[in-house]
Number of protein chains: 2
Amino acid sequence: MRKVAVVGIGSTKYGKSDKTCVEMFAEAGMDAIHDANIAPKDVEALYLGNVLGDYEEDSMNIAPFCAAEIGLKNVPATKFETACSSATAAFRDAYTAVAAGLANIVMAGGTERALLMGTPLATKTFAMGTETRYEQKTGLTFPGVFAMMAHAYAKKYNLTIDKLKELLAMVAVKNHHNGAMNPKAHLQKEITLDKAINAPMIAEPLNLYSCCPFSDGASACILASEDIAKKLTDTPIWVAGTGMGSCGPSYMQKDVTRVIAREAASRMAYKQAKLDPKDIDVCELHDCFTIAEIAATEGLGFFKFGEGWKGVEEGETSLDGRIPINTSGGLKSKGHPIGATGVGQVYEIVTQLRGGAGPRQVDGAEIGYIDTLGGDLAVVVNVILRR
Amino acid sequence: MRKVAVVGIGSTKYGKSDKTCVEMFAEAGMDAIHDANIAPKDVEALYLGNVLGDYEEDSMNIAPFCAAEIGLKNVPATKFETACSSATAAFRDAYTAVAAGLANIVMAGGTERALLMGTPLATKTFAMGTETRYEQKTGLTFPGVFAMMAHAYAKKYNLTIDKLKELLAMVAVKNHHNGAMNPKAHLQKEITLDKAINAPMIAEPLNLYSCCPFSDGASACILASEDIAKKLTDTPIWVAGTGMGSCGPSYMQKDVTRVIAREAASRMAYKQAKLDPKDIDVCELHDCFTIAEIAATEGLGFFKFGEGWKGVEEGETSLDGRIPINTSGGLKSKGHPIGATGVGQVYEIVTQLRGGAGPRQVDGAEIGYIDTLGGDLAVVVNVILRR
C-alpha cells in the first residue's frame, strides 16, 4: 500500500445554518481545496458522509451534486452511511483508494443539516440508527442507550450515581473550555461545574450538559499520495493507520460499558500504524454523551477499563494533561453535524499536528487519534494521523 | 494493485418478500459464503448497498446488523448510497480494499424492500434521488426523466414516436424472454410485442412495459485476493476494471440522450481493464426504463450514438446476438431491488462467465460488463469481469 497524507482541510463553523447541505459542503470543500493548493479539476473522487439528507431536505443521492457544486469534473462521488461515523467511513475508503493506487488526489468529507428537522423528527429519525427488530420495539433512543451505559458503568466500578454525575459534568466543563477557544465550534462558551451538574435531566443520569447538540455543518479534507503530498505541502499529515469494527444488536453487547466495535477498530488501527496508546499525543473521540467519552478513553487504551473516570478527575484528558481529549470541544461543544462529524475530527487533528490550533494547541503534538461511533455502539471507525 | 476475483455469489429470488432487509441479506450472504467454500469468520469486511431502509422499515444503519446476522465477526461494515447504483459502488470499494491489501476476503452486496412502501410513498422517496434545488421543484420524477430522454432521442435521431414505442417494446420483449428463463427473476414471463406496445401509458412515450418494477431482494458476493481465490475455486472470475462517474443537476447534462457520468465511468473501466467494447461478450446494464437500455448500449460503446435502436431491432442484443444485453432479464424482468441491483448484476455476469446460466447461457462468454445508473443520470458505476 502506498503512503497517503492529508494535505488540505476545510470546515464550516458548526451550528445553525441557513445554507443547504450542498452549499455548506461547497464552503468546506473549497476551503480544503485552497488549503491544499490545488484546483477542483485535480480532485479525482469524492467520498461523502451524509445521514439524514432525505428527511432534512428531500435529498437522497447528494454526493454527485456536492461534487458538481465545487467543480469536480464527473468524478466518482459516493455517499457513505454508518450513522454518526459516516464521514470517518468515507475518509477510510478515500484513504484506501489512494493507498491502492486507484487515485492520487481525492476528497473526503461530510455535510448535515440536523437542526432543520426540529427535535421531535430528529429524535425519531436518529432512533432509526438503532436496530429494528429488537431495540426499536423497546422504545430505545440514543439518550436511553447512553444512560444505560452510565448506570452500568457506575455499578460495575462502584461509583455512586452522584459521583458519576459530577464526573460527567467535569467532561462537559472540559470540552466547553476547549470549544470556547475554537472559532468553528457550535457552543463557544465556558460552563461552570455547578451549572453542568444541575442542568435539566434528559435520561437519568444524563442531563442537558451530558448530551451533545444537533448541529448543521460540513467538513472536508484532501488526501494525496506520497509524491504529490510532498510537492504540495511542507507539513503533510500522514495516515498511519485506520480501523473499523462493528457489532450486532444490543443483546450481542455483553457489557454495555465496553464497545466491542471500538475494540476491534482500535486493534486494527494500532496494528497498521505499529503504534500503542502511549504513543498518541492528542485525540478527538465520540463524546455524543459525556459517559461515551469516558468509555472511549478506556476502549482506545488510554486508561485501564474502570479508570477512565480518574483521567477526567485528575485532569489527564485536559489540554495540558497526559492525553488531551477533544481539544476542539468535541461533539459536546464543537457540535455534531452527524454525517460530517468524522471529518470535522480529522480537521482538528490535522490542525493540531500542524501546530495551528492557537490557544488550544497541544505542545509538540506529533501523533493524533480520531474515533467516531455510529449508532448504538454498532460501528466504530478509527484513524491515526502523524506528522 | 493486487489482482482480485469474485469467488462466491448468492441472491434471493427478486419479487415480493415477507422477510426484512436483514433476513433477505442473510439468505443471499450465506449463499455467497457457501458458494465460496468459506466460513463467515473468514470474511473480513462487508460493503453493503441499501437506499430506503429508513422509509421501508425504520432502519438506517443497517450494515452492522446484516454483518452480525450471518456471523461476520465485528468486521468493518459500511452502507453505500448512490441511489440505484449503491451496490455497485459498494462492490467497487470492496474490490479496492482487497486490491490495496487492506483485506484478503470481503463481501459486497445489497438489500432492499422496495415493495413495502407502496407506490405513492415509493414514488415520493425515489424522487429524492433527483436534485433538490432545481429538479424536484419542477415536479420531476423518474418516469418523467426517462420520458424526456425518449423524446430527445427520437427527435435527435429522426425516429417517429410510434417507431420508438415499437423499439422500446422490443427491448421489453427481449428482457422478459431472458427473465422467463431466470429462476431468480421477479417477472418470469414472456410478453408479446403487441402487449408491450399497447400497455397503459405511464409517461408518454413510456408505458407500463417500458418501466421496470420495484422489487424486494438481496444479492451478495465474495471477493478475494489472487492467491486465496486460486485456492478456493477453479473458476475465479477476475475484476479486470472498474469505473465510476458523476454529473450535477440536469442543467449540466447538455444532451439528455447521453449520460456524461456513464461515459466517464466506462472510459475509466475500459482503461483499467485494457479492453475495448468489442472485447465484451455479455453485459448487464441499467434498463430501469427501456429507453435507458438503448442509451446505455451506446454510452458503453457497443453501438455508435444514434444506432443503439438498430441493435435491438436487428437482434444484436439478444441472447444469440453480437452483444447479449441483460441476459438475466435486466431490471425490466429480473426486477429492481434498488440498493441490491448492482450486485444482482454481478451475480448474473459471474454465472455467465462460469458457464452456469443454463438455457440463457451465452456461449463462450469470457468477459462481462456491469453497468448501474444512480439517480437521474447523476452517478454511474461500471465493472468489467473476466474469466
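Biologist: How many residues of chain A are in contact with chain B?

Modeller: Keep in mind that this is a predicted model. In it, 51 residues of chain A are in contact with 51 residues of chain B.

Biologist: Which elements of chain A supply the side that touches chain B?

Modeller: Six elements each supply at least two residues: α2 (53-57), α3 (63-69), β3 (77-81), α4 (86-100), β8 (237-246) and α10 (260-273) of chain A. The most comes from α4(A), with six residues.

Biologist: Now the symmetry. How are two copies of a chain related?

Modeller: The general idea is a rotation about an axis and a shift along that axis. The same surface serves both copies, as 100% of the contact residues of chain A recur in chain B.

Biologist: Next, the strands. In which sense do β3(A) and β3 of chain B pair, parallel or antiparallel?

Modeller: They pair in the antiparallel sense, over three bridges. Take the residues one by one. Phe80(A) stands opposite Phe80(B) in β3(B). Glu81(A) stands opposite Lys79(B) in β3(B).

Biologist: Which strand of chain A is joined to β3(A) by four bridges?

Modeller: That is strand β2 (residues 46-49) of chain A, and the two run parallel. Gly49(A) stands opposite Phe80(A) in β3(A).

Biologist: Is β3(A) mostly covered or mostly open?

Modeller: Mostly covered: five of its five residues are buried. Check both faces. On one side, Ala77(A), Lys79(A) and Glu81(A) are buried, and on the other, Thr78(A) and Phe80(A) are buried.

Biologist: Let me step back to the whole chain. How many helices and strands are in chain A?

Modeller: Chain A has 14 helices and eleven strands. Its radius of gyration is 19 Å, close to the 21 Å that the globule rule gives for 387 residues, so chain A is as compact as a globular protein of that length. Along the principal axes, its C-alpha trace spans about 55 × 45 × 40 Å.

Biologist: What share of chain A counts as buried?

Modeller: Of its 387 residues, 65% count as buried. Look at the contacts too. Among those in chain A between residues at least 6 apart in sequence, 78% join residues at least 24 apart.

Biologist: What tends to happen to nonpolar side chains in soluble globular proteins?

Modeller: They tend to be buried together. In this model, the largest nonpolar core has 282 residues, and Cys221(A), Leu223(A), Cys221(B) and Leu223(B) touch the most other members. Leave out residues up to four places away in sequence, and Cys221(A) touches residues including Val6(A), Ile9(A), Ala32(A), Ala108(A), Val343(A) and Tyr347(A).

Biologist: Why does Lys124(B) count as partly exposed?

Modeller: Count the C-beta neighbours. A residue is buried with 20 or more within 10 Å, and exposed with 12 or fewer. Lys124(B) has 13 inside 10 Å, so Lys124(B) counts as partly exposed. This residue lies in helix α5 (residues 119-127) of chain B.

Biologist: Now the backbone. Which residues does a cis peptide bond join in chain A?

Modeller: The bond joins Glu204(A) and Pro205(A), with omega about 5 degrees. Pro205(A) is in the loop between β5 (201-203) and β6 (206-207) of chain A. In chain B, the bond from Glu204(B) to Pro205(B) is cis, with omega near 5 degrees.

Biologist: Where is Leu377(A), and what is its phi?

Modeller: Leu377(A) is in the loop between β10 (367-374) and β11 (379-386) of chain A. Its phi is near 75 degrees, a positive value in a residue other than glycine. Leu377(A) counts as buried, with 26 C-beta neighbours inside 10 Å.

Biologist: Where does Ala83(B) lie?

Modeller: In the loop between β3 and α4 (86-100) of chain B. Phi of Ala83(B) is positive as well, near 55 degrees. Ala83(B) is buried, with 29 other C-beta atoms within 10 Å.

Technical notes
Residues numbered from 1 in each chain as written. Chains lettered and ligands numbered in written order. Predicted model: local features only at pLDDT ≥ 70, side-chain atom pairs only at ≥ 80, totals over all residues. Contact = placed C-beta atoms within 7 Å. Core = buried A, V, L, I, M, F, W, Y, C linked by C-beta atoms within 7 Å. Pairing = 2+ DSSP bridges. Rg over C-alpha atoms; globule rule 2.2 N^0.38 Å.
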